[in-house]
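Here is a short tour of one protein, written for someone who is new to reading structures. Keep the picture open as you read, and look up each residue when its name comes along.

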Amino acid sequence: MVTLAEVAQHAGVSASTVSYVLSGKRSISAGTRQRVERSIQELGYHPNAGARALASNRSNIVALMVPLRTDMYVPVMMEIAIAVATTARTYGYDVLLLTGEEGPDAVRRVTGSGLADAMILMDVELDDERLPLLRDTDQPSVLIGLPADTSGLTCVDLDFGATGALCVEHLAMLGHRDIAVIGEAPAVYERHTGFAERTLDGLRSRARELGLRVLHRPCEGGYDAMAATLARIFDERPGTTGIVVQNESAVEPLLALLRQQGRAVPEDVSVIAVCPDQVAVQASVRLTSVAIPAQEMGRRAVEQLIAKLEGRDTDEVVLLAPELTVRASTGPLSPTG
């Protein structure tokens, strides 16, 4: 392994100068700093993590708390996590991934042990039990998600309220008046998970303004659960001609069941999905959708966190504007609809 002394010799400076360049504890001239950094890169030098942590009183680690639950669509969660890890690395930070459902205990463990310099929390609930601890600690943190009360917190999320409204507006523009929402699994709403609740609130509010009727039914996903949910929807609202689905595992069973029932998409029923673009374009009918900007959410969360670590002001809440892409699954209400 390349040593600090070898870097110093290669750059023509003292070992202490190399140390100051790495730690930032003293001001070094631009020319000397560039020479040292060039030698570090050419020699492939990597400072010892333990020594660096002792010298700087920092671990250069970010804790990412992402409970992996069976009722959540894990690919989206992991895409966000990968974006967090790759972005953090560009700032010189590694990521400690915490996937258990420990709640406040995980926050206490990180803040009390010095495991990490900062935290990013995912799967945020409207009244999340972890939030009082975050407000009481000096350790920087960012939420990927939006609780009911954002005071004293830094949050990054897709504007799910606007997402729900955008779906309703598109269907209303096409002439649809009766809309069904096929949502996440019941447990997601029982936990008052922020993204699901906010989508539904935005959708219902805009539907009231536009005079549309909305029927919301949670769904476990999978063929059997979707069959029961769809049967219930058409039994209760036979005139339903627009469907908004926010449940990736329900997408393909929904399309298959509509075909079996002789309901053509979009001639008889228009379908909009809130899902990753990959799910929308690979479905048996290319879905009109509002994309989940997983990579941007992860990147922006890290950028907010780095700003806090460096003592810079940050926006309290960053909401990403939703974008609806029209594909083959939505169309005008049939004259006989």
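Among contacts in the protein between residues at least 6 apart in sequence, what percentage join residues at least 24 apart? The figure is 71%.

## The whole protein

Before going further, keep in mind that this is a predicted model. The protein has 337 residues, and 49% of them count as buried. Its secondary structure comes to 14 helices and twelve strands. If you draw a box along the principal axes, the C-alpha atoms fill roughly 85 × 40 × 35 Å.

## Where α8 meets α10

Start with two helices: α8, which covers residues 160–173, and α10, which covers residues 194–210. Their axes come within 6 Å and cross at roughly 40°. Angles under 35 degrees would count as roughly parallel, and α8 and α10 are therefore oblique to each other. The crossing of α8 past α10 is right-handed.

Which residues do the touching? On the α8 side you will find F160, G161, G164, A165, V168, E169 and A172. They meet F195, R198, T199, G202, L203, R206, A207 and L210 on the α10 side. Sorted by class, the residues of this contact between α8 and α10 are eight nonpolar, four polar and three charged.

## Where α11 meets α12

Now find a second pair of helices, α11 (residues 223–236) and α12 (residues 251–260). These two pack at an angle of about 55°, and their axes are 9 Å apart. That angle makes α11 oblique to α12. Here too the crossing is described as right-handed, with α11 passing α12.

From α11, the residues Y223, M226, A227, L230 and F234 take part. Their partners in α12 are P253, L254, L257, L258 and Q260. How many nonpolar, polar and charged residues does the contact of α11 with α12 have? By class, there are nine nonpolar residues, one polar residue and no charged ones.

## Salt bridges across the chain

Side chains of opposite charge can pair when their charged atoms come close. In this model the count comes to 18 salt bridges, and three of them are worth a visit.

Begin with E125 and R69, whose side chains meet in a salt bridge at 3.8 Å, N to O. E125 sits in the loop between β3 (118–121) and α7 (131–136), while R69 sits in the loop between β1 (61–65) and α5 (74–90), so the pair ties together parts that are 56 residues apart in sequence. Are these two residues buried or exposed? Both E125 and R69 are buried. Salt bridges that share partners also join R69, D71, D123, E125 and R191 into one network.

Next, look at D149 and R135, which form a salt bridge of 3.8 Å, N to O. The pair links distant parts of the chain, 14 residues apart: D149 is in the loop between β4 (141–144) and β5 (155–158), and R135 is in helix α7. D149 counts as partly exposed because its relative accessibility is 42%. R135 has a relative accessible area of 34%, so it is partly exposed.

E169 and R206 meet in a salt bridge of 2.8 Å, N to O. E169 lies in helix α8 and R206 in helix α10, so the pair ties together parts that are 37 residues apart in sequence. With a relative accessible area of 32%, E169 is partly exposed. R206 is partly exposed as well, at 24% relative accessibility.

Let us finish with a pair of single residues. V326 is in the segment after β12 (324–325), and its relative accessible area of 52% makes V326 exposed. Leaving out residues up to four places away in sequence, V326 touches H170 and T288. V326 and V290 are 36 residues apart along the chain, and their C-alpha atoms are separated by 9.0 Å.

T90 is found in helix α5. T90 is exposed, with a relative accessible area of 63%. How many Å lie between T90 and V271, C-alpha to C-alpha? T90 and V271 are 40 Å apart in space, and 181 residues apart in sequence.

Conventions:
Residues are numbered from 1 along each chain as its sequence is written. This is a predicted model: local features need pLDDT of at least 70, side-chain atom pairs count only at pLDDT 80 or more; totals for chains, interfaces and linings use all residues. Side-chain values use heavy atoms; hydrogens and water are left out. Axes are lines fitted to C-alpha atoms, for helices over the stretch in contact, and angles run from 0 to 180 degrees between N-to-C directions. Helices (H or I, at least four residues) and strands (E, at least two) are DSSP runs, numbered from the N terminus. Angles under 35 degrees count as roughly parallel, over 145 as roughly antiparallel, 65 to 115 as roughly perpendicular and the rest as oblique. A crossing is left-handed if the near helix is turned anticlockwise from the far one by less than a right angle, and right-handed if clockwise. Contact means heavy atoms within 4.5 Å. Ala, Val, Leu, Ile, Met, Phe, Trp, Tyr, Cys and Pro count as nonpolar, Asp, Glu, Lys and Arg as charged, and the others, Gly among them, as polar. A salt bridge is a side-chain nitrogen of Lys or Arg within 4 Å of a carboxyl oxygen of Asp or Glu. Buried means under 20% relative accessible area, exposed over 50%, partly exposed in between (1.4 Å probe, protein chains only).
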